[in-house]
Amino acid sequence: MAGIYIHIPFCKQRCRYCAFYSTTQHKQQQHYTDALCHELLSRKNYIKGETIETIYLGGGTPSLLNEEQLTKILNTIEKEYTVSPTAERTIECNPDDLTPAYTVMLRSKGFNRISMGIQSFSDEQLKKLGRRHTADSARKAVENARIAGFNNISIDLMFALPGSTAEEWHHTLKEAIALHPDHISAYNLTYEEGTPLYNALQKGEVKELTEEENLEQFNTLIEELKSAGYRHYEISNFALPGRESRHNSSYWNDTPYIGCGAGAHSYDGTSRGWNIADISIYIKGINENSPVFEIEHLSNEERYNDAILTRLRTADGLPTEWVKEKFGDTLFNYMQKAARKEVATGNLRETPDGTLVLTEKGIFVSDAVIREFIFI
Ligand code: SF4
């Protein structure tokens with residue numbers, strides 16, 4: 001079992017909060033697609049013939065690719081890899097790109113899941129964030145996706161937006177729930193150094209929420225989505241029954257994946273690798289058969305830390321016996337020491353079968369809890 005991640009680092013415009021690598025220079029889109037397909041072909045042994053259970057096109061904005069470019073990528077995957085007929089095939093989209101014709105085309109290409117960056121249902125906030133869509137175009141995009149036959153739709157939201165009120169956040173959640181998406185990811189806005197939003201904060205042009213207001217919005221998020229029937233299966237992720245993202249889940253289930261494209265990461269069970277985050281160098285490297293790819297072999301302690309970082313964030317938690325079997329007695333004892341402390345403070349609970357799970361209280365201080373477990 002394995003996954004494929006394809007990175008499409010093109011955006012029509014840069015969002016004001018974004019620190020990810022992406023470019024608004026579209027001239028290279030075709031050369032980039034060709035290089036991607038070349039990489040898919042040349043690195044196919046990376047996942048050692050495992051069946052592909054998830055394909056994920058992320059970005060950037062994959063919905064900027066045209067039909068021909070998407071077809072080329074998907075055909076290369078189908079030809080060079082063994083893809084399960086029930087594979088989850090996700091494409092990240094900007095709501096503005098999801099016209100009726102484009103959405104029908106995506107469905108006809110075999111995508112069965114759309115992940116849409118909506119962020120907010122306040123047009124004022126969307127403007128502040130530099131998003132190119134409106135609340136109304138987001139609603140229309142979800143409708144178009146449903147009409148085209150998508151029955152697995154995920155939306156992204158952001159809380160703690162600059163100067164946002166509890167009422168505004170409540171409104172966004174109400175609008176989101178009314179659309180009945182199958183999956184909702186919700187992230188806390190962070191002001192990343194070097195971004196226009198960070199600079200605006202420094203100049204006092206926007207107001208950051210207090211820690212208390214921030215936690216209150218996180219609490220509202222959990223309460224409202226739970227009462228609407230969503231399972232809070234990972235700190236930032238909520239799903240209707242059976243609609244958990246298989247792609248996300250593979251990260252914390254230690255599933256190998258190959259990541260193709262500029263800046264994409266890969267994992268084969270024992271090492272992590274990543275491509276250079278520069279489109280021109282990436283294309284040149286692939287074309288000259290000398291890809292700019294770095295690799296890091298993971299020690300037992302690093303793999304333990306990765307498992308802690310991902311599994312403790314999930315509702316399924318961290319099975320202690322699994323830690324013992326996989327990482328040995330020393331790390332198991334290290335984990336147990338942290339677990340005793342966090343269980344005593346009520347941030348964690350241990351289930352009868354020996355799994356450590358964050359409590360409702362622990363979810364709000366998860367970073368601090370996880371830090372206790374990290375082996376330094
Ligand atoms: S669309 Fe996504 S990747 Fe592109 S600038 Fe906005 S947040 Fe960043």
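Leaving aside its neighbours within four places in sequence, which residues is aspartate 306 in contact with? I shall answer that directly, with the reminder that we are looking at a predicted model.

Aspartate 306 belongs to helix 11, residues 300–311. Beyond the neighbours within four places in sequence, its contacts are Arg272 and Leu298. With Arg272 there is a polar contact, side chain to side chain, at 2.5 Å. The relative accessible area of aspartate 306 is 25%, so the residue is classed as partly exposed. I would also point out isoleucine 374, which is 68 residues away from aspartate 306 in sequence, while their C-alpha atoms are 8.9 Å apart in space.

Let me turn to helix 6, residues 166–178. Just after helix 6 comes histidine 180, with a positive phi of about 55 degrees.

Helix 5, residues 135–147, also has 13 residues. From first C-alpha to last it reaches 19 Å, close to the expected 18 Å. Its buried residues are Ala135, Ser137, Ala138, Ala141, Val142, Asn144 and Ala145. They pack against helix 3 (100–108), strand 4, helix 4 (123–129) and strand 5. After helix 5 comes glycine 149, where phi is positive, near 105 degrees.

Next, the ligand. The residues around it are Cys11, Gln13, Arg14, Cys15, Tyr17, Cys18, Ser22, Gly60, Thr61 and Arg131. By class, this shell has four nonpolar, four polar and two charged residues.

Two of these shell residues lead us to further local features. One of them is Gly60, located in the loop between strand 2 (52–59) and helix 2 (67–80). The peptide bond from glycine 59 to glycine 60 is cis, with omega near 15 degrees. Threonine 23 itself lies in the loop between strand 1 (2–8) and helix 1 (29–42). Is threonine 23 buried or exposed? Its relative accessibility is 15%, so it counts as buried. Its side chain reaches the backbone nitrogen of glutamine 25 at 3.0 Å.

I close with two further backbone angles. Lysine 48, although not a glycine, has a positive phi of about 50 degrees. This lysine is placed in the loop between helix 1 and strand 2, and at 62% relative accessibility it counts as exposed. Glutamine 119, another residue other than glycine, has a positive phi near 70 degrees. Glutamine 119 is found in strand 4 and is buried, with a relative accessible area of 7%.

Conventions. Residues numbered from 1 in each chain as written. Predicted model: local features only at pLDDT ≥ 70, side-chain atom pairs only at ≥ 80, totals over all residues. Heavy atoms only, no water. Helix = DSSP H or I, 4+ residues; strand = E, 2+ residues; numbered from the N terminus. Expected span 1.5 Å × (residues − 1). Buried < 20%, exposed > 50% of the residue type's maximum accessible area, 1.4 Å probe, protein only. Contact = heavy atoms within 4.5 Å. Near = heavy atom within 4 Å. Nonpolar A, V, L, I, M, F, W, Y, C, P; charged D, E, K, R; others polar. Polar contact = N/O pair within 3.5 Å; in protein donor to acceptor, adjacent residues only side chain to side chain.
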